[in-house]
Amino acid sequence: MIFDTHMHCDYSCDSEMKFADAIGAAAEQEIGITVTEHWDYDYPTNPEAFIFDIDEYFARLQPLSSYKVLIGIEIGMQTHTAAEDKKVAQAHPFDYVLASIHCIGGRDLYEQTCYKGRTRQQIVEEFLHDAITCLEQERDFDAFAHIDYICRYWPYKGAERELRLEDAPELFDKLFLLLIEQNKPIEINTRRLDAAAVAGLLPLYKRYRELGGKYCTLGSDAHYKEHVGRRLQEALALAAQAELTPVYFKARRMQIMEGLK
């Protein structure tokens, strides 16, 4: 079964989707899902925006869970939040802990002010340096999300919008090697898998594979029911091109996706 392993429902403040919406959309497509509500400790623009009552989350979602509806969390890493992030990951029986970078240098990548006074190269390097620092800390997570997150919001267009391996090859290598050493799959996030994005991402995923990476997760990053399962076939094609095996996690253990189309 194909699993969409990244989506946001009742407990993510930026989501318009309910648990029932996600479960219904997945059932229509005959796919599995993992709900990964946002947890970003000490978020710079609003420290309380992306934290929630995790006990209540489990109490509400567990009765709806099954072998094809799993319970996860997306932890937004910052270089100063490692202890809190690890505490959350280990205090609850998640199926899956997805790690991501939403902020660099104490700034929100969603906000245009994050990029003012800095060059494109400086932003790329800062993003990668912060990700590397986070991975060098003592943490507990299962996969690394949306490496192209900055491409959603930074002010560049055309060819400059996409991340390129040649932007910072040594830093990309260091990031990938850390993931590989820790046996962490890299996510293929389907939010922006048009031709331009694929052209930029494919060399990155291939490099991850060349360095020894074997696995990837697939995630729509859905915040609306219409986006559950979006572009999963494109993600599978990208994984095949990069020679990566799609996986998901259940009870924090890696599972190979079976019966892929």
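Q: How do I read burial here: is Phe 176 buried or exposed?
A: Burial is judged by relative accessible area: under 20% is buried, over 50% exposed and anything in between partly exposed, using a 1.4 Å probe and protein chains only. Phe 176 has a relative accessible area of 0%, so this residue is buried. Keep in mind that this is a predicted model, where local features need pLDDT of at least 70 and side-chain atom pairs count only at pLDDT 80 or more, while totals for chains, interfaces and linings use all residues. Residues are numbered from 1 along each chain as its sequence is written, and side-chain values use heavy atoms, with hydrogens and water left out.

Q: And which class do Tyr 208 and Glu 48 belong to?
A: Tyr 208 has 2% relative accessibility and therefore counts as buried. Glu 48, with a relative accessible area of 56%, is exposed. You can find Glu 48 in the loop between β2 (32-39) and α2 (54-61). From Glu 48 to Ala 235 there are 187 residues in sequence and 33 Å in space, C-alpha to C-alpha.

Q: How do I read a pair of aromatic rings, and how many aromatic pairs are there?
A: A pair is described by the distance of the ring centres and the angle of the planes. Rings of Phe, Tyr and Trp (its six-membered ring) pair if their centres lie within 6.5 Å; planes under 30 degrees apart are stacked, over 60 edge-to-face and the rest tilted. That rule gives 16 aromatic pairs. In one of them, Phe 52 and Tyr 57, the centres are 5.4 Å apart and the planes stand at 85°, so the pair is edge-to-face. Phe 52 and Tyr 57 are both buried. The rings of Phe 176 and Tyr 208 have centres 5.8 Å apart and planes at 75°, so this pair is edge-to-face. Since Phe 176 lies in helix α6 (residues 169-181) and Tyr 208 in helix α7, the pair ties together parts that are 32 residues apart in sequence.

Q: Which residues form one aromatic cluster?
A: Look for Tyr 11, Phe 19, Trp 39, Phe 52, Tyr 57, Phe 58 and Phe 94.

Q: How do I read the packing of two helices, and at what angle do α6 and α7 pack?
A: Packed helices are described by the angle between their axes and the distance between the axes. Helices (H or I, at least four residues) and strands (E, at least two) are DSSP runs, numbered from the N terminus. Axes are lines fitted to C-alpha atoms, for helices over the stretch in contact, with angles from 0 to 180 degrees between N-to-C directions. The axes of α6 and α7 are 9 Å apart, at an angle of about 50°. That makes α6 oblique to α7 (under 35 degrees is roughly parallel, over 145 roughly antiparallel, 65 to 115 roughly perpendicular, the rest oblique).

Q: Which residues meet in this packing of α6 and α7?
A: Contact means heavy atoms within 4.5 Å. Phe 172, Asp 173, Phe 176, Leu 179 and Ile 180 of α6 meet Leu 204, Arg 207 and Tyr 208 of α7.

Q: What is the angle between α4 and α6?
A: Helix α4 (residues 120-136) packs with α6 at about 25°, with the axes 10 Å apart. α4 is therefore roughly parallel to α6.

Q: And where α7 and α8 cross, what is the angle?
A: Helix α7 (residues 195-210) and helix α8 (residues 232-242) have axes that come within 9 Å and cross at roughly 45°. α7 and α8 are therefore oblique to each other. On the α7 side, the contact is made by Val 198, Leu 202, Tyr 205, Lys 206 and Arg 209, and on the α8 side by Leu 238, Gln 241 and Ala 242.
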